[in-house]
Amino acid sequence: MNAVLTVEDFSVDYLVDPVVHAVRNVSFQLERGEVLGLAGESGCGKTTLAYGLVRLLKPPAAITSGHAVFHAADGDVDWNQLHAEELRANRWDRISMVFQGAMNSLNPVISILDQMEDIFTTHRPSLSRRARRQKCGELLERVGVPAARLHSYPHQLSGGMRQRVMIAMAMALEPQIMIMDEPTTALDVVVQREILREISRLRDELGFAVIFITHDLPLLLEISDRIAVMRSGEIVELDNAYTLYTNPSHDYTRQLLASFPSLTGDRGSFVRGAMDDRLLALDAIEGSTA
Ligand SMILES: Nc1ncnc2c1ncn2[C@@H]1O[C@H](COP(=O)(O)OP(=O)(O)OP(=O)(O)O)[C@@H](O)[C@H]1O
Ligand SMILES: [Mg+2]
C-alpha cells in the first residue's frame, strides 16, 4: 500500500431543517496513481464528499467528523487543520478538481489563455509571462486541443473542448490527485471515450491518482482500478473493479449492477488489464454508456 490520501470517518451534514446527513463516516485510502471510481445513485452524497475532501463546502454544509490526510513527499498534510490561505495554496497544487458541469463554469468574456494563465499568475508568480504562455499552450495540446485555441473564448469551443480545457486547468500545477465529478456526462459517447482515453494516458504519463465520480457504473467498470459504491451517504462496498463486477458482496451493489441491463449479460467479456485494454475489451457493453 502506498497511499496518497487517507480519509477517515469523514462526515458532512447540511445544517437545514431537518438536517441532511449527506456523507456518513466515510473511510478509504487512495493509492498513488490509481483510478478510484465513486458510484451511487443521484443524491447519495458523491459531490458533497468531493467538495468536503477539497474543503470547498459552504454553509449550510459542515464537516462534522473525520479527517482527510494528504501524504505528500514532504510529510502528511491534514486538510482539516489548514487555514484558508494554506488551503488555497494547496488545493490546486496537490489536489485539483474538475467540477460537475465544469465546462459551463468558464468565464464567457475572458479568453481561454487569460483564464489558464491566471492559475500560474496566482500559484507560480515567479514564472515569466512567456513561460506561462508556453505552459498554457502545452497543457492544451496535452488534452488534445490545438494551442491556437488559447485565443478563443469559451463560446467558440465545443462542449468537449471546453471540458478538455477544464481538465487541462486541473492538471496545470501537476497535482497528485485529481477529483473528477461527472467530467464527461454531458458529452456524447465518442467524445466521452476520447477524453477518458486522454485521462488514462495522462495518468500513466504523470502518475496522478484520480477519484472519478459518476452514476454511470458501466463506465466506471471500464476505467477504474477500484470502485467505491456509495448509498445514502455511506460507502457500502469498496473493491477492485473486477471483483465488484463479478462477485459483488453487497445487495445494493447487485441492485446497482442489475439496473444496467447491458452489464447483466456475458460477464466473461470483462477482461481486466490496463485501462486502455479495458476500454477496448468492454466494447461489448458499450451501449450502456449511451
Ligand atoms: N445546499 C444543500 N442544502 C441541503 N441539502 C443539500 C444541499 N446540497 C446537497 N444537499 C443534499 O445532500 C445530499 C447529497 O447531495 P449530492 O449533491 O452530494 O449528491 P450526488 O451523489 O452528487 O448526486 P448527483 O449524482 O445527482 O450529482 C442530497 O440529499 C442533497 O439533496
Ligand atoms: Mg453530484
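Is T47 buried, partly exposed or exposed? At 28% relative accessibility, T47 counts as partly exposed, where buried means under 20% relative accessible area, exposed means over 50%, and partly exposed is in between, computed with a 1.4 Å probe on protein chains only.

Before going further, please keep in mind that this is a predicted model, in which local features need pLDDT of at least 70 and side-chain atom pairs count only at pLDDT 80 or more, while totals for chains, interfaces and linings use all residues. Residues are numbered from 1 along each chain as its sequence is written, chains are lettered from A and ligands numbered from 1 in the order in which they are written, and side-chain values use heavy atoms, with hydrogens and water left out.

Because T47 lies in helix α1 (residues 46–53) and Q100 in the loop between β6 (95–98) and α3 (112–123), the pair ties together parts that are 53 residues apart in sequence. Helices here are DSSP runs of H or I with at least four residues, strands are runs of E with at least two, and both are numbered from the N terminus. Q100, at 46% relative accessibility, also counts as partly exposed.

Helix α1 is mostly covered, with six of its eight residues buried, among them K46, T48 and L49. After α1 comes R55, whose phi is positive, near 55°.

Next, the helix pair. The axes of α4 (residues 129–142) and α5 (residues 159–171) come within 9 Å and cross at roughly 125°, the axes being lines fitted to C-alpha atoms over the stretch in contact, with angles running from 0 to 180 degrees between N-to-C directions. In this contact (heavy atoms within 4.5 Å), L139, L140 and R142 in α4 meet V165, A168 and M171 in α5.

Finally, V77 sits in strand β5 (residues 75–78) and, at 12% relative accessibility, counts as buried. Leaving aside neighbours within four places in sequence, V77 is in contact with A68, V69, F70, L82 and R94.
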